[in-house]
Amino acid sequence: MRTRTVRTPVGPSFDVAVQWAPRWARVFRRARRRHRRSREGADVAFEGVGELAGGLDDLGGVVVWIVGAVAFVFGVLLVWLFLVPLLLVVLDLLVVVVVLTLAFLGRLLLRRPWTVAVTPAGDDDTPVALADVMGWNRALRVRDAIGGRLAAGASPEQAVLDAALGDKAVTARVAGGVGLRG
């Protein structure tokens, strides 16, 4: 989310960003759970099939049944190849939109902190310093303050600690994950 690249006066560039940091391990653990379905099949009764076959005595009836069977197969293929995938795509998009909306609202209502991460430019995997910030607007202000301190020549760890200084809604975490209350 809205990454700012800051160039330090004497050193490398850093990306400062407010990140959405879900707990991926828990999400994937829930997704991997599999539910076994029962293998018991339904009993199928073939009553009345002989009555349907009674119309096959003449050639016209046979032709009508063949045309009907081809039309039925063509209809099933049409539904299977076009309608079902279209409905699945629409359903998937709807589920994604609903889940993202509920997740965002839950995050705001439950006041889960936003993470402001300082990473080397172009490397999103290894944060150098992190700050947990309560509130989206405050997280954007902390991101800008960290960027300003980095541009002034501070180290990433010191920039995060300076941004957290005196603000009880900001918790600084430096490389090792040790929480330092601001």
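Guide: Buried means under 20% relative accessible area, exposed means over 50%, and partly exposed is in between (1.4 Å probe, protein chains only). This is a predicted model, where local features need pLDDT of at least 70 and side-chain atom pairs count only at pLDDT 80 or more, while totals for chains, interfaces and linings use all residues. Residues are numbered from 1 along each chain as its sequence is written, and side-chain values use heavy atoms, leaving out hydrogens and water.

Visitor: Ok, which residues touch the most other members of the largest nonpolar core?
Guide: Val 116, Ile 146 and Leu 150 do, in a core of 23 residues.

Visitor: And which elements give two or more residues to this core?
Guide: Strand 2 (13-19), strand 3, strand 4 (129-133), helix 4, helix 5 and strand 5 (170-174). Helix 4 gives the most, with five residues. Helices (H or I, at least four residues) and strands (E, at least two) are DSSP runs, numbered from the N terminus.

Visitor: What about helix 5, which residues are buried there?
Guide: Helix 5 covers residues 156-164, and Pro 156, Ala 159, Val 160, Ala 163 and Ala 164 are buried in it. Looking down the axis of helix 5, those buried residues fall within an arc of 130 degrees, so they line one face of the helix. That arc is taken from the directions from the helix axis to the C-beta atoms.

Visitor: New topic: how many aromatic pairs does the structure hold?
Guide: Two. Rings of Phe, Tyr and Trp (its six-membered ring) pair if their centres lie within 6.5 Å; planes under 30 degrees apart count as stacked, over 60 as edge-to-face and the rest as tilted. Phe 104 and Trp 114 make a tilted pair, 6.1 Å centre to centre with 55 degrees between the planes. Phe 104 lies in helix 3 and Trp 114 in strand 3 (residues 114-120), so this pair ties together parts that are ten residues apart in sequence.

Visitor: Is Trp 114 buried or exposed?
Guide: Trp 114 is buried, with a relative accessible area of 2%. Trp 114 also pairs with Trp 136, edge-to-face, at 4.9 Å centre to centre and 65 degrees between the planes. Trp 136 is in helix 4 (residues 136-151) and Trp 114 in strand 3, so that pair ties together parts 22 residues apart in sequence. Phe 104, Trp 114 and Trp 136 form one aromatic cluster.

Visitor: How many salt bridges does the structure hold?
Guide: Five, a salt bridge being a side-chain nitrogen of Lys or Arg within 4 Å of a carboxyl oxygen of Asp or Glu. One of them joins Arg 4 and Asp 144, whose closest N and O atoms are 2.9 Å apart. Arg 4 lies in strand 1 (residues 4-7) and Asp 144 in helix 4, so the pair ties together parts that are 140 residues apart in sequence.

Visitor: What else have you got?
Guide: Asp 162 forms a salt bridge with Arg 149, the closest N and O atoms being 2.5 Å apart. Asp 162 is in helix 5 and Arg 149 in helix 4, so the pair ties together parts 13 residues apart in sequence. Salt bridges that share partners also join Arg 4, Arg 143 and Asp 144 into one network.

Definitions and conventions. Core = buried A, V, L, I, M, F, W, Y, C linked by side-chain atoms within 4.5 Å.
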